[in-house]
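Hi,

Here is the structure I promised to pass on to you. Please have a look at it first, and then read my notes below.

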Amino acid sequence: MSTEAVVSAIKESGSTRSSLRIAGRSTWLDAGRPVRADKTLSLRHDSGVVSYVPGDLTLTVRAGTPLSEIERVTREHDQWLPLDPYGSPDGTIGATIATASAGPLASSFGLPRDLLLGLEFVNGRGDVVRGGGKVVKNVAGFDLSRLLTGSWGTLGVITEVTLRLYALPKADRTFAVALKGSKKEVASLVRAIVMSPLTPFALQLLNPPVVRALDIGEHPVCLIRLGGNEAAVDVQLRALSSLADSKEVDTAVWDGLRNLENGAECVIRISGLPASFREVSAAMLSDEYPWISEYIDPVRGVLRLVLRAPDDAAASEDSVLGIDPAGRPDEHVVFEKLPGESWDGIPSAVSDSLSQGVKKAYDPHNILNPGILGD
Amino acid sequence: MTQPTPAPTQASTSPAQFPVAERLAEIVGERHVLSRPSELLVYNSDGLPGYRRQPRLAVFPGTREETVAVVRLLAAEGLSFVPRGAGTGLSGGALADDIVVIGLHRLKKIISLDVANRRATVEPGVVNLRLNKHVAPHGLLYAPDPSSEAACTIGGNVAENAGGPHCLKYGVTLNHVLAITVLLPSGEVVELGSKVGERDGYDLRGAFIGSEGCFGLALDITVKLTPKPQTVRTLLADFTSIDQAAHVTSAIIASGIVPAALEFMDGPTIRVVEDSIYAASYPRDAEAILLIELDGLEAGVSADLEAVRRICLDGGARNVKVARDDAERMKLWQGRKKAFGAMGRLAPHLIVQDAVIPRTRLPEILATIRAISEKYGVVVCNVFHAGDGNLHPNIAYSADDPAESERVHKAMTEIMQACIDAGGSITGEHGVGLDKMGYMEAIFSESSLNAMCELRAVFDPERRSNPGKVVPVHACKEWHAVPGGRLRTGTSSLTDAPEPRPVEAEPSHPSAR
Amino acid sequence: MPGCALAGTPLADALPGINACVHCGFCLQACPTYLTLEDENDSPRGRIFLMRSLLEGTVKPDDPSVQQHIDQCLGCRACEPVCPSGVPYGQLLEATRATLREYRSTPFIARAILFVFAREWLLRPAMFFSRILAATPIPTLLSGIKGRLGFAMAMLASTGRSIERSRYQPVTRGERGSVATLRGCVMDGLFSETNRATRRVLAVNGYAIVAAPGQSCCGALHAHAGDLETARSLARRNIAAFGHSGAEFIAVNAAGCGAIMKEYGHLLKDDAEWHERAASMSARVRDVSELLAAAGPREGGPLPIRVTYDAPCHLEHAQRVTQAPFSVLAAIPGLELVPLHDSDQCCGSAGIYNLIEPETSDAVLAPKLANIRATGAPWVATGNPGCLMQIGAGLIRAEIPARAIHPVDLLDASYAAFGQ
């Protein structure tokens, strides 16, 4: 598999007016809306490192490279790509960029758009296009890298990406603070932790079903990942101790959290003003509905709901949280995974005329992932 | 590529009233429309005055409503325009060649500040440093800090995706803008990104940032604010050889420590700064200094500070001085930030470049630059964001001397080629504008340039917003068919003299109407 | 520059200063007229561009819009301390105004004022009448009327509002050296008590006061207006007068006068006969606050008042004297200093600018008054007669319960409270 193979697959589809489902390793195939496609174009075999100069802290890989492979390669040089999207670590970097998937580390290291330096993609006419570059700072030309990030394969098939790496921290420790007490007390503790001088790598509030699944307690938990040099972690740990009791847990707990979403039928992401999430976090972290896994990033202002009872999903989501996407102008409700029939009636995020214009320009025959964004 | 000869453009038209001027005056008030050629002269260049283009008209709306009305009127008339902030850009990006300049510097309201959610919404004409002064009492800062922060506007920063010394750790404008209310060239107002959360769909906000005014203009911008670090420490390491400083830079980056900033100044730059009012007590006899800033929690910073000091000394630093207090820190920074302006002391004209190279190639490229400058007998002042590999080789010279101009031009072309060959980029933060358009084909394929043209056409199908910038139009397939389009034959090569005039045909050129 | 359009003019001589500008724009936010008028033609970078264009011939010296933008400059020189390439903006402005004078007529009111100031025999009676007028309620009564006259009356009214203090006789040992003071025109005419206070506080701080008869107007107003010839002849008279006095220092309590006197060397740079004497005199000129700060200054008696400080442009930007006035105020026990936001911004006085460009001047003054009001301080200290009257008049007309005062008057009142 190579860029040329992608070009010829797309050109062939173009000439036969048949459509393509774009897939990495097919681990996230169930995300997004159903695709009306005749064929699947898999990048599973277009994998591997193109160039890696550790001293530059940049890495160029083929799009089909699994995240776990990137982790292995960079770890040899005490570096990492701090990108930990939920789901299997066998997902590919191409899919991660294409879906703009981010995990807990995003609150300190940024979203995929912030870590991406440049990419190569093949548009719907079969043209090979490069955006950005291979250096850490670059404003040459219009920003096609950002445009493709989160476009779910509908504007082009990403074939290669260049990413910014970081040095692995000398210390990387995780602590759990049990969130006990009244709703008011919990909200004020969350506020105190977020507004403190702590600079955690990641900070998540987990509801009891998640806590039990990760086997780290019973109550809602504030999970804090502290990293950096040892002195910085020690001083933060002391600061944390002055705010609340905490216990150290294995940093592998974060992998457990990512894997919770594997095979989930329904994942909803709600994002809004971070402060509003902090204020109501206690109410949200209830233990009333064991089939709802819930975690909140109070720094970024993101709440994820993972539901295991698909038939009740719409109803319970509505009744439990009072969430109606159209009726909440202060928040964005994004349905990442839903059972097929539930998608009906959910508005597309790319129905505006600019988005439609971009789609027409880059994939004039609508052969790339048709339907996945509700278009 | 800088066109060194400042070619004074005379007013290409008689001072006869441009009919739309009166109608614009009805919108913004007579005082805020300029149509006399003598008053438009100062708008014929930005921070890179080697390029001059005389605008036909300048209009300065004072409110969002006036701005919308101005753009709608221009749209109805089919007139092209160039949005302009403070005119501090360094790529000739805000020049208007016989078309309308829309100055947004009067839109300078800070619309809202949300301390709890660490964000602010501002009008495009708000000056970067004013925003920082406004949020500082709340323990917050707006991280992107271009060296022109005291003058440049947030709108301009968005258009150029501006960087600055502290972008090494904190990222560029792109990483700090949450939402933009955009006024499209058609007059339609759209909201890109989200003021409140992370939205799905295409990242059109990301595409708009760095679009250099070609996609329309921003009416308001919502930015992310960053808590002020608990501790900030600044080191000054000085070296008797450029090579040592370059190797130390690579060693610091490779160590994994992410300084808040890591800046490099060479001997000629040090001395010109020391001669200016921003003299910062840099050692005049040094051949290079590194200005390194570390920030974060006190304990962590102290540990990193020791590590960095050791790397510097092991790498041959003569001295490593740590600023004692904020006043000394500010002084060290002022010298760095005003270095570009201080070069006006050397000669009347200045070429400023903005190439980026992979950081491991720094020692090699600096040696190449030195060899090139010796070959052509020019003095290159290097002052740059070493941590990012973002070079700013500057050459001060006199454009009145044609022989010198030619040598300078050739030297700069070779320097840029060396950076491109090293796998770098032609601009890290200044933008393409007019200045670097000639290099675009050296780093992007025809299909990539075409994809950029197509993206622009979505925002501005009539190509009326900042025409003739960023992407050379002959690179765009579909535009070859534009009636009356002036096409270049053959492909450009780096050894060609850059085009002194925009190469883009202007279907809606006012003089053609 | 090839083919200079105005060869042989003061502007052509100033070309190296113009060439130093790299167009970086750092001056824009420092410029009060740019911030007020919001057009780059009214900014330092824009005006320098116009100067360059005059030399290139792309604009003509008789172009009224060029003249207007050059006229609208306050000459506050706030752009100089922020300029990385060290453009001598004040000198460029004077050279431009001197060059443009041939192509236009100076406004009548400006001509009249400059004519009077250059002539002792007219100046003394004019100031005498002003002083008499100021002592009557007439200026206060007329200060509310609109326009230039009302403002002028408010300016006069403001001069009669200094601080009450008792008399004391300073004792000096003169160990810090001899000082001659510049009487000045406006200071002598309308702020004569401040002049006396200046001599008293210098004496208290160990300076021996010597007389310098024969001194004249400093010539600053003429130089700013482009009348360099008159400015030079006034400078020569002062150089002679202060030379004869034999004083080690020349103390000036008007920032505008001090600024030009420190630049007599530049003003007379082409005068073979006078250049050296001019430069050596310039080296001896000090703002009164500098001399006081060098002496400590001695602490006075308690003066429990709230004061805010506004920096005169010609002290802060032109002379770069920023801290000395605070030392003067710090010597007053009980004085509470309230910080003034944007205290380094011009008040719009700018010599006679407020009488010639009243609208712009008012627009520049407005934020200053708002900032003063926000401090709630009843006293605004500032060391320049133009600023004292501009701010003083603005306070009266805006009905802000505060008065403008020279820092030396406050120190003098403090010494008086101590009985020296």
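This is a predicted model: local features need pLDDT of at least 70, side-chain atom pairs count only at pLDDT 80 or more; totals for chains, interfaces and linings use all residues.

Residues are numbered from 1 along each chain as its sequence is written, chains are lettered from A and ligands numbered from 1 in the order in which they are written, and side-chain values use heavy atoms, with hydrogens and water left out.

**Inside chain B**

Chain B is assigned domain 1 (19-103), domain 2 (110-227) and domain 3 (231-421); such bounds come from an automatic or database domain assignment. The centres of domain 1 and domain 2 of chain B, taken over C-alpha atoms, are 22 Å apart. Between these two, 13 residues of domain 1 are in contact with 18 residues of domain 2 (contact means heavy atoms within 4.5 Å). They bury about 1,200 Å², with 65% of that from carbon and sulfur atoms; buried area is the accessible area (1.4 Å probe) that two parts lose on being put together, summed over both. Of the area that domain 1 buries here, 37% is supplied by Arg64(B), Pro83(B) and Thr88(B), more than any other three residues.

Arg64(B) also forms a salt bridge with Asp220(B), the closest N and O atoms being 2.9 Å apart (a side-chain nitrogen of Lys or Arg within 4 Å of a carboxyl oxygen of Asp or Glu). One salt bridge is found across this domain interface. On the domain 1 side, helix 3 (64-77) and strand 3 (81-84) of chain B each give two or more residues, and helix 3 gives the most, with six. Helices (H or I, at least four residues) and strands (E, at least two) are DSSP runs, numbered from the N terminus.

**Between chain B and chain A**

Here 82 residues of chain B meet 71 residues of chain A. The buried area is about 5,600 Å², of which carbon and sulfur atoms give 59%. Val196(B), Glu198(B) and Tyr202(B) supply 16% of what chain B buries against chain A, more than any other three residues.

Five salt bridges are counted between the chains. Asp203(B) forms a salt bridge with Arg113(A), with the closest N and O atoms 2.9 Å apart. On the chain B side, the largest share, ten residues, comes from helix 16 of chain B.

Best wishes
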